Amino acid sequence: MMSLKDVDSEIFSLTQKELERQTFVLNMIPSENYVSKAVLEATGSILTNKYAEGYPKKRYYQGMENVDAIEAIAIERAKKLFGAEHANVQPYSGSPANAAIFYALLKPGDKIMGLRLDMGGHLTHGHTVNFSSRFYKSCPYVVDKETGMLDMDEIRKLALKEKPNLIISGYTAYPRIIPFKEFHEIALEVGAYSMADISHIAGLIVGGVHPSPLPFTDVVMTTTHKTLRGPRGAIILCKEKFANAIDRAVFPGLQGGPHQHVIAAKAVAFKEAMKPEFKDYAKQIVKNAKVLAETLMDNGIKLVTGGTDNHLILIDLTPIAIGIGRQVAVALENAGICTNMNTIPYDPSTPFKPSGLRIGTPILTTRGMKEEEMKIIGEWISQIINDYKNEKLQKKIKQEVKELCEKFPLFGW
Ligand SMILES: *Cc1c(COP(=O)(O)O)cnc(C)c1O
């Protein structure tokens, strides 16, 4: 980045520092990933210069031959990768993509039914402070108090009672398999549209380690930057009968010019995700999460739902103390382990002082770490949680973390 260095040494040096941070911490935020150099190059390319309102062959600008071809490739790959009838690759990110889906399928005041935020749902699925509960009526479902899992009988009962127009499955902090088929059947029964937001698990789905909501679900949204390991952005997949409504909702409904550099990077990520190695990657993410979960539980750490089926683990810290999610996340960060505090279902504390911690394995797996490393990391995390005020311990582990990270360089894969 030599020109950046010359033009803006401040931003250059902070970017270098961030590279160093990403290299020497164990990054365990489950919604993040480290992309390939190819994805980075496409994202940083001159394609950022082009305006392209409209869709391939139906644009409002001239000079479209190259970006039209790129977007057409991105669309074809997205359809093939997920087995979708239609793909829109223009959404800027997950939240605006969800807004576009609502805009396409609903009228203001219609009813949406998603998982409550403090139970693991997403803001855009009807949370009070979000547009999704301002313009639509939100009647959220919850997880079971005893098991922490989805109870499909209860969800069906709620749907029959509330008669929502849209039922949303897919979450940000749910460590178990999502029964997409059952959600779709409930939607059919009550006359609602079915929508699956697979942002967190898209990489696991294309890797064959989580069931897919396609082809039966009406509309599917995924971000491209989580387990799918592409650039920051999103796509919408749907049945042909919704194609026109979805496309019109994205543009001109909500967005202006699409980000063609990001669309190019999405195409690159889709190509990478079609390779057989990506299946191995997805399998290893889940294997790693399972070993990590086991190691934590062997050390007396309590996990919501008692384990994981996917890439993430939700730790329940209440046996140690209520509302210490932030303190424990800081203690882990002091030890070079980056995580995030999170509410647990039926959290006795508040969202600002939650009692949980969310961790995941996508980045460690990208870096090439396997079961053996998960056992070591699980021991470190357990020691810190069980003694979270011990600063000496944090210092000691930080050094060990650094040595481990040195063996797994960022672009080693
Ligand atoms: C991450 C996420 C989103 C939002 O994505 P942004 O790109 O951050 O707007 C939407 N839904 C779910 C389930 C997510 O996990």
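α5 (94-105) and β9 (219-223) each give at least two residues to the shell around the ligand. Helices here are DSSP runs of H or I with at least four residues, strands are runs of E with at least two, and both are numbered from the N terminus. α5 provides the largest share, 3 residues.

A word on the source. This is a predicted model, where local features need pLDDT of at least 70, side-chain atom pairs count only at pLDDT 80 or more, and totals for chains, interfaces and linings use all residues. Numbering runs from 1 along each chain as its sequence is written, and side-chain values use heavy atoms, without hydrogens and water.

Back to the ligand. The shell holds 14 residues, with a heavy atom within 4 Å as the cut-off. Ser93, Gly94, Ser95, Asp197 and Lys226 are the closest. By type, the shell has 2 nonpolar, 10 polar and 2 charged residues; Gly counts as polar.

Now the polar contacts, meaning N or O pairs within 3.5 Å. A polar side-chain atom of Ser93 sits 2.4 Å from a ligand oxygen. For an N or O atom in the Lys226 side chain, the distance to a ligand oxygen is 2.7 Å. A polar backbone atom of Gly94 is 2.9 Å from a ligand oxygen. On its own the ligand has 390 Å² of accessible area, and the protein covers 87% of that (Shrake-Rupley, 1.4 Å probe).

Last, the helix pair. α4 (residues 65-82) and α11 (residues 260-274) pack at about 35°, axes 9 Å apart. Axes are fitted to C-alpha atoms over the stretch in contact, and angles run from 0 to 180 degrees between N-to-C directions.

Note on methods. Polar contact = N/O pair within 3.5 Å; in protein donor to acceptor, adjacent residues only side chain to side chain.
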